Amino acid sequence: MLGSGTKRPEAPEKRGEMTHARASGATSTEPVTASAGKPAKTIETRGVNLFYGDFHAVEEVTMTIEPNKVTALIGSSGCGKTTFLRSLNRMHELTPGARVEGAVTLDGEDVYDSRVDPVAVRRLIGMVFQQPNPFPTMSIYDNVAAGLNLNSTKVSKAQKDSVVERSLRRAHLWDEVKDRLDKPGGSLSGGQQQRLCIARAIAVEPEVLLMDEPCSALDPVATLAVEDLIGELKNRYTIAIVTHNMQQASRASDVTAFFNLDETGKPGHLVEMGPTQEIFTNPKQKETEDYVSGRFG
Ligand SMILES: Nc1ncnc2c1ncn2[C@@H]1O[C@H](COP(=O)(O)OP(=O)(O)OP(=O)(O)O)[C@@H](O)[C@H]1O
Ligand SMILES: [Mg+2]
């Protein structure tokens, strides 16, 4: 357990799951897919406030992101969706001056506990960005294996081959690239690159996938392919996706969280959250209705 008050461990290997679960798979005889088959995990935030220096970007977000569901985060530009998403796996900490208050837990374990290794958190809670960002000169194979390579030199070639193939299959990309795995990641189309990034994110067997407008750089066909993929991935993972596309939120998500900024100068905040169909057809707040019906945003 990672809870505060427990005995301080001496070595990273002895720390809680966030510090050793994936790393152990890569450094021992344990298969690299140690988490396969495990139930997905719940992310909870309590009173999360996010700041850039003195600027208060996101105020008091308390929400539960449920396992095996797709949670869409929607809201107008600048209301803090990306900032909030990045706080869930401590990516926020990579921005100079950025600060978080409040609690984020993964199945009850404090993501921000001082004993938790942020790199391990980012493996368990993977992220896919708006612009596909494969390593452009690195081969397709090495792009997918990148997370494994970073964490260990002891993953055998056969293990790596199997993780790469499985991840590319799960990302619906295998058939398109299986005969050119040695070609650079940058040689793929935008939609293929985004699926490559998804394969790279799932190769390390995360518990959660965070996606920040993953389809905004894609054409409608590639968008639908990625949406289908997201629908399948939720069987294994907990997924949160930021989108400006209302059709996408209603098609691809089970739960929707609406964030807003208002004229009072209040920071971005969560207005309401609920089953997607309810948020789109019968929201409790007028501002949600205005947004989802396209009256603003
Ligand atoms: N690195 C940063 N430094 C300072 N302020 C920032 C930084 N990143 C974001 N902000 C500010 O924080 C607020 C929230 O930004 P954020 O990018 O989270 O919004 P968003 O909801 O994701 O918007 P969009 O829909 O346009 O992507 C904005 O006012 C933005 O200008
Ligand atoms: Mg954003």
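This is a predicted model: local features need pLDDT of at least 70, side-chain atom pairs count only at pLDDT 80 or more; totals for chains, interfaces and linings use all residues.
Residues are numbered from 1 along each chain as its sequence is written, and chains are lettered from A and ligands numbered from 1 in the order in which they are written.

Asp107 sits in the loop between strand E4 (98-106) and strand E5 (109-110), and its phi is positive, about 45°, although it is not a glycine. Strands (E, at least two residues) and helices (H or I, at least four) are DSSP runs numbered from the N terminus. Apart from its neighbours within four places in sequence, Asp107 is in contact with Lys41 and Thr42, where contact means that the C-beta atoms, placed from the backbone, lie within 7 Å. Ala40 is 67 residues away from Asp107 in sequence, yet their C-alpha atoms are 9.1 Å apart in space.

## The sheet

An open sheet of 10 strands runs in the order E5-E4-E1-E2-E10-E9-E3-E8-E7-E6, with mixed pairing; two strands pair if DSSP finds at least two bridges between them. At the edges stand E5 and strand E6 (125-128), each with a single partner strand, so one side of each has no neighbour in the sheet.

Strand E1 (residues 43-52) and E4 run antiparallel and are joined by eight bridges, and Ile43 stands opposite Leu106 in E4. Glu60 counts as partly exposed because it has 15 C-beta neighbours inside 10 Å.

## Around ligand 1

There are 13 residues around ligand 1, of which Tyr52, Ser77, Lys81, Thr82 and Thr83 come nearest; a residue is near a molecule if its C-beta atom, placed from the backbone, lies within 6 Å of it. E2 and helix H2 (81-88) are the elements that give two or more residues to this shell, and H2 supplies the largest share, three residues.

A nonpolar core is a set of buried Ala, Val, Leu, Ile, Met, Phe, Trp, Tyr and Cys residues joined through C-beta atoms within 7 Å. The largest one here has 75 residues, and those touching the most other members are Leu73, Ala199, Ala203, Leu209, Leu210, Ile239 and Ile241. Helix H7 (residues 190-203) contributes the most to this core, with seven residues. In soluble globular proteins, nonpolar side chains tend to be buried together. Setting aside residues up to four places away in sequence, Ile241 touches Val70, Ala72, Met211, Pro214, Ile230, Ala252 and Ser253.

H7 is mostly covered, since 13 of its 14 residues are buried. From its first C-alpha to its last, H7 reaches 20 Å, close to the 20 Å expected at 1.5 Å a residue, an expected span being 1.5 Å times one less than the number of residues. After H7 comes Glu205, which has a positive phi near 50°.

How values were computed: A residue is buried if 20 or more other C-beta atoms lie within 10 Å of its own, exposed if 12 or fewer, and partly exposed in between; C-beta atoms are placed from the backbone. Two residues are in contact if their C-beta atoms, placed from the backbone, lie within 7 Å.
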